[in-house]
Amino acid sequence: MKYLLLIFFMNLLPQCAGKSLSRDGSYPKTFEGIRNEIAGYNDIAKAIIDLAVYGKAQNRSYERLAVFADTIGPRLSGSKNLDAAIKYMYSALQKDGLENVHLEPVKVPHWERGEEFAMMLEPRNHSIGILGLGSSVATPPEGITAEVIVVASFDELHRRAQEAKGKIVVYNQPFISYGETVRYRSLGAVEAAKVGAVASLIRSVASFSIHSPHTGWQDYQSGIPQIPTACISVEDAEMMSRMSFRGTKIVVYLKMGARTYPDSTSFNTVAEIVGSKYPEQIVLVSGHLDSWDVGQGAMDDGGGAFISWEALSLIKDLGLRPKRTLRLVLWTGEEQGGIGAEQYYQLHKENISNFDIVMESDEGTFKPSGLAFTGNAKARDIVKEIMALLLPINVTEVYDAADGTDINFWMRDGVPAGVIIFLHDYSSLG
């Protein structure tokens with residue numbers, strides 16, 4: 001994990017290279033002047049790299065994350081574990097010596113999956129691994145037994161709408177990319193309900209599988225019946241697709257005990273290093289603390305949260321005081337659609353002109369290759385110069401179109417944004 005920290009730092013330290021290049025009249029008036037100023041941070045960049053990669057901070061974020069994940073476990077929105085995680089991080093950030101550590105309250109959904117079971121009854125008995133999707137309703141206590149219709153797309157479902165009534169829709173959609181294919185998880189139940197289906201089972205949104213169903217949030221729509229919905233493995237979706245193609249009748253028994261409770265109070269966790277010259281101006285780095293309930297949330301998004309914390313820790317350890325305030329936000333309720341980030345945005349948007357850049361890490365924690373950046377052409381040129389400071393570890397690429405659930409609210413209002421790109425994302429960049 002030692003390399004994952006560094007992209008943040010190079011973008012934080014050249015604080016005179018924010019989005020407003022002439023806010024106080026003190027910025028260089030030519031791009032050559034800006035380039036020279038950024039190059040002047042080379043020694044500081046080297047000090048950060050040396051501390052993170054070779055010094056006492058080597059592997060620190062990994063070790064912090066391991067203790068956290070082992071101690072707290074999964075952190076579903078509305079759960080006692082998420083409450084414990086927030087208390088843990090509040091204390092840890094204070095002990096780390098960061099400034100203005102505080103909690104900002106958020107109302108978050110509280111959903112629990114309960115008992116889950118699925119069995120193919122025809123043409124043979126076969127246990128189907130399922131994971132209910134967030135906010136799914138339960139089946140009746142006795143469960144649902146129904147014939148299956150397998151479709152590869154929403155278009156096919158609509159063409160075969162008369163066949164789907166009273167059946168369980170199984171989506172065997174091909175994986176194109178997470179961003180494109182995830183709409184089947186988000187909208188699968190709604191589209192199935194529109195044609196009279198009694199439940200929906202969605203092929204896990206993954207490029208490969210080892211009989212591992214995935215979970216995630218899904219969205220019901222007003223005026224559309226709410227039907228139970230869950231993910232199944234790629235293998236089971238493919239098997240039922242083959243059976244269906246041969247004309248084989250498929251019958252499945254489904255039982256789900258999910259429950260939705262009133263919204264709970266949770267918190268966004270905030271810490272800062274206050275700027276020396278422009279303390280009111282904010283460089284925001286972030287990750288989310290909540291996770292799903294079927295794992296430890298170490299990758300999604302414990303790693304992103306902890307490298308965001310580490311960005312501030314390294315700067316503090318080196319005794320650096322940036323001109324603008326570095327603000328760490330550990331979001332709550334991200335998995336339910338960025339609930340914590342949206343409420344934070346609503347609370348702080350009146351001061352939006354003070355946010356110079358917003359950054360998020362939620363793409364996994366692998367070896368980084370560069371930064372996805374959204375901003376105007378002048379800002380992009382500056383970011384390229386900043387990224388050149390990472391040449392010693394060969395992390396210099398600047399990609400188009402940053403995207404992140406927790407920062408999209410700010411991006412839509414024109415605030416520049418950055419997201420770390422890791423090597424496993426490379427094929428999706430086109």
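How many bridges join strand β14 (residues 368-374) to β15, and are the two parallel or antiparallel? Four bridges join these strands, which run parallel, and two strands count as paired if DSSP finds at least two bridges between them. This is a predicted model, in which local features need pLDDT of at least 70 and side-chain atom pairs count only at pLDDT 80 or more, while totals for chains, interfaces and linings use all residues. Residues are numbered from 1 along each chain as its sequence is written, and side-chain values use heavy atoms, with hydrogens and water left out.

**View 1. The open sheet has eight strands with mixed pairing.** Their order is β1-β10-β12-β11-β13-β16-β14-β15, where strands (E, at least two residues) and helices (H or I, at least four) are DSSP runs numbered from the N terminus. Because β1 (99-112) and β15 (397-400) stand at the edges with a single partner strand each, one side of each is left without a neighbour in the sheet.

**View 2. Helix α13 (residues 377-387) packs on the sheet.** This helix touches β14 and β15, contact meaning heavy atoms within 4.5 Å.

**View 3. The largest nonpolar core holds 43 residues.** Such a core is a set of buried (under 20% relative accessible area, 1.4 Å probe, protein chains only) Ala, Val, Leu, Ile, Met, Phe, Trp, Tyr and Cys residues joined through side-chain atoms within 4.5 Å. F68 is among the members that touch the most others, and helix α11 (residues 298-317) supplies the largest share, seven residues.

Key
Buried < 20%, exposed > 50% of the residue type's maximum accessible area, 1.4 Å probe, protein only. Axes fitted to C-alpha atoms, helices over the stretch in contact; angles between N-to-C directions.
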